[in-house]
Amino acid sequence: MGLYRTRKSYYIYDPNTLSYDRVYPSAKDRIFTIIRHLSTGIVVGFIFFFVLMRFFESPMESQLRKENKLLQTQYEVLSLRLNNAFEILNDVQQRDENLYRAIFQAASIPESIRKLGFGGTNRYEHLMSLPNSDLVVATTQKMDMLTKQLYVQSNSLEELVNMGKTQEERAKCIPAIQPLSNKDFARTASGYGMRIDPIYRTPRFHGGMDFSAKTGTDIYATGNGVIIFAGWKQGYGNCIMIDHGFGYETLYGHMSAFKARVGQKVTRGEVIGFVGNTGKSTGPHLHYEVIVRGRRDNPSKYYFMDLTPEEYDHMIQIAENHGQVMD
Ligand SMILES: [Zn+2]
């Protein structure tokens, strides 16, 4: 009896029939065969898989890698653009500090407030675990700084806009012209400062400016304001006082008559009364005072609206040197 085996089948020689009979494998043999083939397949499969993994990437990985690269590039571009924005903002801050705020005499905003960072706890902790976290944190930080600095800058400009609004009003109100029509300065009699008293002939402080003029000459309000006094005042005779707001008042003395009453609003250049010789006076003239926050100031400092620098210089010389106090 012999066992003859072809590739996939088993045959047994049967002496009785003098022929080979095919032997079919048992179910057990079949299962073992299947398991053997499967395990070989799995092992080979795994080996191929890891080899491929090592040297090639899947289409999805490739896609993700490209996206990651793109995002990183976008972050870098964003970071550069933020740098540009900072440069522009820095320029605006410089102009704000050295020009705009200077014009309005606004208090400067210290660098510590303009450029203050975010102190205390780490606001970027949640970003730290990300890949490329340095880039992400730095960019986010820049963005936050830019937002904060823009906020400070915007507040500063808003403050200046508000000051600009009152500045316009202030420019209309502060005394800024001469109280008489006086282009040739013929009427400038004496200025502010230590002068010889015209009556007692002793040195005495003269707290205003005298303009000689004929009785009845128009006297102008030198800025917008409200009449707060119109009556007789010891030494000043018939006298008008105007409150201009912003800490400014003006006084007009020795008048012959009034053309305004207490409580009346007046505008710059409006006639409020007429030159006279009332009170302690040596002849028809206007005594004019500018009072700033309760203290008398030199009126000649306040004629900038209707004098050129040359005219101003001429007026000052007359008031300082040749003037005679008329009180
Ligand atoms: Zn005077």
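Which helix does Phe49 lie in? I began my notebook there, working on a predicted model. I found Phe49 in helix H1, which covers residues 27-55.

**Entry 1: the nonpolar patch.** Together with Ile34, Leu38, Ile42, Phe46, Phe50 and Met53, Phe49 makes a nonpolar surface patch of about 750 Å². I then checked its accessibility: Phe49 has a relative accessible area of 45%, so I noted it as partly exposed, since the exposed class starts only over 50%.

**Entry 2: the second largest pocket.** I read off a volume of about 150 Å³ for the second largest pocket. Strands E6 (203-206) and E14 (285-292) are the elements that give two or more residues to its lining. E6 provides the largest share, 3 residues. I sorted the lining by type and got 2 nonpolar, 5 polar and 5 charged residues. Among the lining residues I wrote down Arg204, His254, Lys280, Glu289 and Asp327.

**Entry 3: positive phi.** Most residues other than glycine have a negative phi, and I went looking for exceptions. Arg201 was one I noted, with phi near 60 degrees. Arg201 sits in the loop between strand E5 (193-196) and E6. Its relative accessible area is 58%, so I marked Arg201 as exposed.

Phe246 also went into the notebook, with a positive phi of about 55 degrees. I located Phe246 in the loop between strand E10 (237-245) and strand E11 (248-258). Is Phe246 exposed or only partly exposed? At 34% relative accessibility, Phe246 counts as partly exposed.

Key. Residues numbered from 1 in each chain as written. Predicted model: local features only at pLDDT ≥ 70, side-chain atom pairs only at ≥ 80, totals over all residues. Heavy atoms only, no water. 1 Å grid on protein atoms, 1.4 Å probe; cavity = no way out; pocket = protein on both sides within 12 Å on 5 of 7 lines; lining within 4 Å. Points joined across faces, edges and corners; volume = space filled by probe spheres on them. Helix = DSSP H or I, 4+ residues; strand = E, 2+ residues; numbered from the N terminus. Nonpolar A, V, L, I, M, F, W, Y, C, P; charged D, E, K, R; others polar. Patch = residues over 30% accessible without salt bridge, like charges linked within 9 Å, V, L, I, M, F, W, Y side chains within 5 Å. Areas by Shrake-Rupley, 256 points an atom, 1.4 Å probe, with all protein chains shown as cover. Salt bridge = Lys/Arg side-chain N within 4 Å of Asp/Glu carboxyl O. Buried < 20%, exposed > 50% of the residue type's maximum accessible area, 1.4 Å probe, protein only.
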